[in-house]
Amino acid sequence: QVQLVESGGGLVQPGGSLRLSCAASGSIFYINTMGWYRQAPGKQRELVADITPNGITKYADSVKGRFTISRDNAKNTVYLQMNSLKPEDTAVYYCNADLYQGNWYSSYLEVWGQGTLVTVSS
């Protein structure tokens, strides 16, 4: 079974920084796009950033210039460096990956992590 495990969330003051990590494990043939989503109370889950295997990135307008997504393909890990954090960044952040499970291109899945809470408050 494939799973994504996030880490790095916590409480930080406005203007501070956090680095989130997400490691994929299990029976994985190939990982395509990986990304980070977030969901604040009373709001829908939204895309924060994603990244292709060859490093092409996409960001939500609200985080451009502040957040940086990166990945280490050898470690099946994606990162989100969050700088200049604002209270409105407070949310549960979820890792996401589109991947082929198993030993061939026969099972394409979208996998979600359990989420890690980021709270930005003074």
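Guide: What follows takes some labels one by one and sets each against its definition.

Guide: This is a predicted model, in which local features need pLDDT of at least 70, side-chain atom pairs count only at pLDDT 80 or more, and totals for chains, interfaces and linings use all residues. Residues are numbered from 1 along each chain as its sequence is written, and side-chain values use heavy atoms, with hydrogens and water left out.

Visitor: Why is S21 called buried?

Guide: Buried means under 20% relative accessible area, exposed over 50%, and partly exposed in between, with a 1.4 Å probe and protein chains only. S21 has 19% relative accessibility, so S21 counts as buried. The residue sits in strand β3, residues 18-25; strands (E, at least two residues) and helices (H or I, at least four) are DSSP runs, numbered from the N terminus.

Visitor: What makes V118 buried?

Guide: V118 has 0% relative accessibility and therefore counts as buried. V118 belongs to strand β11, residues 116-120. Contact means heavy atoms within 4.5 Å; leaving aside neighbours within four places in sequence, the contacts of V118 include G9, L18, M82 and Y93.

Visitor: How do you know that D89 and R38 form a salt bridge?

Guide: The term requires a side-chain nitrogen of Lys or Arg within 4 Å of a carboxyl oxygen of Asp or Glu. For D89 and R38 the N to O distance is 2.9 Å, and the pair is a salt bridge. D89 is in the loop between β8 (77-82) and β9, R38 is in strand β4 (residues 28-39), and the two are 51 residues apart. D89 counts as buried because its relative accessibility is 0%, and R38 counts as buried because its value is 6%.

Visitor: Which residues are linked with D89 in a network of salt bridges?

Guide: R38, E46 and R66 are linked with D89 in that network. In the salt bridge between R66 and D89, the closest N and O atoms are 2.8 Å apart. R66 has 10% relative accessibility, so R66 counts as buried.

Visitor: Why is D61 called exposed?

Guide: D61 has 66% relative accessibility, so D61 counts as exposed. D61 forms a salt bridge with K64, with the closest N and O atoms 3.1 Å apart.

Visitor: How do you know that β9 and β10 pair?

Guide: Two strands pair if DSSP finds at least two bridges between them. Strands β9 (residues 91-101) and β10 (residues 108-112) have five bridges, in the antiparallel sense. They form a hairpin with six residues between them, and G102 in the turn has a positive phi of about 90°.
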